[in-house]
Amino acid sequence: MANPDPESQSLEILPMAVLATIMTKLDVPSICSVASTCKTFKACASHILSFLPNFHLLDIAPSIDLLRPLLPRNPYLRTLKVDCKRLDDSAIDSLIRPSLRELCLHNCSDFSGRLLSEKKEGDRSNVSDLEELLNGCTELETLILMFDVSTFLRHNFARVWALACAKLTSLEIGYISSLMVTELLSPPVGPNQPPNNIKTSILPSIHKLCLSVDYITDTMVGTISRNLNSLSYLDLRDAPIIEPTVAFDLTNSGLQQINPNGKLKHLSLIRSQEFVTTCFKRVNDLGVLLMADRCSSMESICLGGFCRVTDTGFKTILHSCSKLYKFRVSHGTQLTDLVFLDISATSLSLTHASLRWCNLLTNHAIMRLASNMDLSSLDLRDCRNLGDESLRAIGTLPKLRTLLLDGSDISDLGLSYLKQRVISSLISLSIRGCKRLTDKCISSLFEGSSALILQELDLSNLPNLSDTGILLLARSRVPITELRMRQCPLIGDTSVMALASMQVHGDWCRGSSLRLLDLYNCGGITQLAFQWLKKPYFPRLRWLGVTGNVNRDLVDALARSRPFLHVACRGEELGTGQWDNSDEMYFHDYEEVDELEQWLLEGDDETDDEEMEAAENVAELVG
């Protein structure tokens with residue numbers, strides 16, 4: 001320290017092991033950023049990539065040329081999570097590793113069927129790449145395949161799963177037919193049956209199973225229950241395209257087969273209304289009563305679309321499952337306040353409650369539910385009879401982190417009740433479609449509040465929210481990372497400029513905290529707003545929603561200039577998240593930035609941008 005010689009203070013004097021230990025604490029994008037600063041860090045980064053246990057790269061979608069050098073031979077790699085939006089079949093060999101225990105591949109639209117099965121003309125028995133994956137990943141514990149696997153040959157698909165690692169404990173499949181599930185999990189019979197008539201179990205160690213299917217049926221549920229004896233987590237979701245017949249539906253009989261060994265801790269049965277308005281019409285209170293007899297040790301229950309189950313069935317669950325801490329019901333058309341009338345008399349200590357599309361609920365139910373002071377997540381979306389009195393009760397919950405109130409009848413005054421205790425602990429808040437809210441809802445929430453940690457805010461579909469409200473939000477300096485304002489007719493260019501100039505305490509970058517911004521179908525967005533979406537503003541932005549058909553050329557130009565920014569322009573929902581906190585006020589005086597605004601409008605793009613640096617950092621590291 002006392003030696004003034006700069007050479008003696010060089011990073012080269014630090015032991016490589018010390019630098020490597022520090023760098024292994026960073027995520028992959030940060031490692032690439034550090035590697036670009038000097039030769040010493042670059043050498044260290046190249047070294048640690050050969051023994052890094054976890055490789056997660058989901059914020060950006062790398063090309064194969066960028067990804068391949070980041071994934072050298074690494075016998076210690078256990079978890080691999082990659083956004084595959086810019087990848088195709090040529091990346092398969094780089095992604096499949098024998099040491100992997102968890103493999104998550106997102107956005108695989110450019111992969112062909114080769115990723116799951118390779119079928120050559122005239123040779124239906126050809127070995128599939130799924131077989132190669134299961135053979136190659138001999139340590140695999142978690143596998144998530146977010147594909148429609150129903151298009152592949154049922155016989156081949158079921159056969160290759162016999163090769164799955166015995167250590168595989170968690171399996172999630174994006175879409176599969178119920179018939180394929182039944183065939184996959186049924187023990188072999190006939191000439192393929194093992195000697196001595198011993199039935200072999202497929203996936204013997206599975207603890208967690210998550211499937212999206214065409215129909216949840218009695219046969220499929222029974223097969224899962226009989227053959228997966230270690231199952232503790234079962235999540236089934238279907239989306240019928242026509243009204244199911246008895247043979248292709250869940251009934252009281254099927255519900256009774258669930259959890260025969262009493263090991264289930266989590267159960268989720270959801271019927272989606274995506275294609276046709278339907279529900280589990282063959283399940284009533286009797287089926288829930290029969291199931292509840294085996295669910296005393298259940299910790300989490302989620303039921304969606306059980307339209308014939310009444311308060312009797314739902315109360316049975318709450319009174320039978322003493323260990324329950326997550327309770328979720330959607331489309332509970334017969335669920336009323338009576339379910340929660342005596343909830344304080346139970347031993348329950350709920351932390352997560354979701355009651356979406358339960359339109360018979362009123363403020364009285366929420367006042368009772370709020371007796372669970374440990375609630376950290378409360379989802380009341382589309383409960384249209386809830387108003388300000390429910391917010392008064394919610395405002396007493398000291399541990400609440402997530403609050404979703406979409407479509408409720410709350411007002412600006414009601415939101416002010418959250419400032420008493422809740423707003424300082426909230427991480428995620430959604431007030432989408434609450435028609436009575438105005439610009440004053442922003443001041444009701446944030447004015448005078450300090451040490452806020454709110455990260456996700458959904459202000460979509462608020463007809464009375466204008467640029468004035470977003471200016472107030474920018475002044476509050478709340479460290480928001482995800483902001484949704486879709487379908488707000490009064491939101492325009494001024495809001496984008498305010499957010500672009502917004503500073504979070506201790507961070508010099510303007511617009512620095514936002515990673516997601518949804519402006520789809522906002523009425524006042526013009527060409528001017530797109531100039532403010534260019535660099536150097538919003539340097540951390542990874543997801544952007546805009547209306548594409550109005551500004552097609554601008555959207556395409558923006559997508560080209562920011563290759564790691566996901567630009568959605570067809571109205572699809574976006575997704576991401578992160579944190580920070582601030583209590584100081586900040587407001588950008590736009591009368592003082594005429595020159596800067598003019599500079600942006602002239603198209604001067606010569607400044608640095610974080611996402612372009614990411615590509616350059618990776619290129620430099622691998623170069």
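# Reading the cut-offs

Modeller: In this predicted model, Cys-279 and Cys-307 are joined by a disulfide, S to S 2.2 Å.

Biologist: What makes the pair Cys-279 and Cys-307 a disulfide?

Modeller: The cut-off is a pair of cysteine sulfur atoms within 2.5 Å. Cys-279 and Cys-307 have an S to S distance of 2.2 Å, so the pair counts as a disulfide. A search of the whole structure finds one disulfide.

Biologist: Which parts of the chain does the pair link?

Modeller: Distant ones, 28 residues apart. Cys-279 is in the loop between strand 8 and helix 11. Cys-307 is in the loop between strand 9 (300-304) and helix 12 (311-320). Both Cys-279 and Cys-307 are buried. The link of Cys-279 and Cys-307 is right-handed, with 40° about the S-S bond.

Biologist: Why is Cys-358 in no disulfide?

Modeller: The nearest cysteine sulfur, that of Cys-383, is 5.3 Å away. Cys-358 has 0% relative accessibility. Buried means under 20%, so Cys-358 counts as buried.

Biologist: How do you know that Cys-38 is in no disulfide?

Modeller: For Cys-38, the nearest cysteine sulfur is that of Cys-44, 9.4 Å away. The cut-off is 2.5 Å, so Cys-38 is in no disulfide. At 23% relative accessibility, Cys-38 counts as partly exposed.

Biologist: Why is the pair of Trp-532 and Tyr-537 called stacked?

Modeller: Ring centres must lie within 6.5 Å to pair, and planes under 30 degrees apart count as stacked. The centres of Trp-532 and Tyr-537 are 5.0 Å apart and their planes are at 20°, so the pair is stacked. Both Trp-532 and Tyr-537 are buried. The count comes to three aromatic pairs.

Biologist: Where is the peptide bond that is cis, with omega near 10°?

Modeller: From Lys-535 to Pro-536. Pro-536 has its place in the loop between helix 19 (527-532) and strand 18 (543-545).

Biologist: What makes the salt bridge of Arg-271 and Asp-238 one?

Modeller: The cut-off is a side-chain nitrogen of Lys or Arg within 4 Å of a carboxyl oxygen of Asp or Glu. Arg-271 and Asp-238 meet at 2.7 Å, N to O, so the pair counts as a salt bridge. Arg-271 lies in strand 8 and Asp-238 in strand 7 (residues 233-238), so the pair ties together parts that are 33 residues apart in sequence. Arg-271 is buried, and so is Asp-238.

Biologist: How do you know that Arg-486 and Glu-573 meet in a salt bridge?

Modeller: The N to O distance of Arg-486 and Glu-573 is 3.8 Å. The cut-off is 4 Å, so the pair counts. Arg-486 lies in the loop between strand 16 and helix 18 (493-501), and Glu-573 in the loop between strand 19 (566-568) and helix 21 (594-601), so the pair ties together parts that are 87 residues apart in sequence. Arg-486 is buried, with a relative accessible area of 7%. Glu-573, at 46%, counts as partly exposed.

Biologist: Which residues are linked in a network of salt bridges?

Modeller: Arg-432, Asp-458, Arg-486, Asp-518 and Glu-573. The count for the structure comes to 20 salt bridges.

Biologist: Why does Phe-275 count as exposed?

Modeller: Exposed means over 50% relative accessible area. Phe-275 has 51%, so Phe-275 counts as exposed. Phe-275 is found in the loop between strand 8 (266-271) and helix 11 (285-292). With Ile-241 and Ile-242, Phe-275 makes a nonpolar surface patch of about 340 Å².

Biologist: How do you know that the buried residues of helix 2 line one face of the helix?

Modeller: The buried residues of helix 2 (residues 28-35) are Val-28, Ile-31, Cys-32 and Ala-35. Seen down the axis of helix 2, these residues fall within an arc of 100°, so they line one face. An α-helix has 3.6 residues a turn, so residues three or four places apart point the same way.

Biologist: What makes Leu-203 buried?

Modeller: Leu-203 has a relative accessible area of 6%. The cut-off is under 20%, so Leu-203 is buried. Leu-203 also has a positive phi of about 55° although it is not a glycine.

Key:
Residues are numbered from 1 along each chain as its sequence is written. This is a predicted model: local features need pLDDT of at least 70, side-chain atom pairs count only at pLDDT 80 or more; totals for chains, interfaces and linings use all residues. Side-chain values use heavy atoms; hydrogens and water are left out. Patches are made of residues with over 30% relative accessible area and no salt bridge: like charges are joined within 9 Å, nonpolar side chains (Val, Leu, Ile, Met, Phe, Trp, Tyr) within 5 Å. Accessible areas come from the Shrake-Rupley method with a 1.4 Å probe; for residues, only the protein chains shown count as cover. Helices (H or I, at least four residues) and strands (E, at least two) are DSSP runs, numbered from the N terminus. Buried means under 20% relative accessible area, exposed over 50%, partly exposed in between (1.4 Å probe, protein chains only). The arc is that of the directions from the helix axis to the C-beta atoms. Rings of Phe, Tyr and Trp (its six-membered ring) pair if their centres lie within 6.5 Å; planes under 30 degrees apart count as stacked, over 60 as edge-to-face and the rest as tilted.
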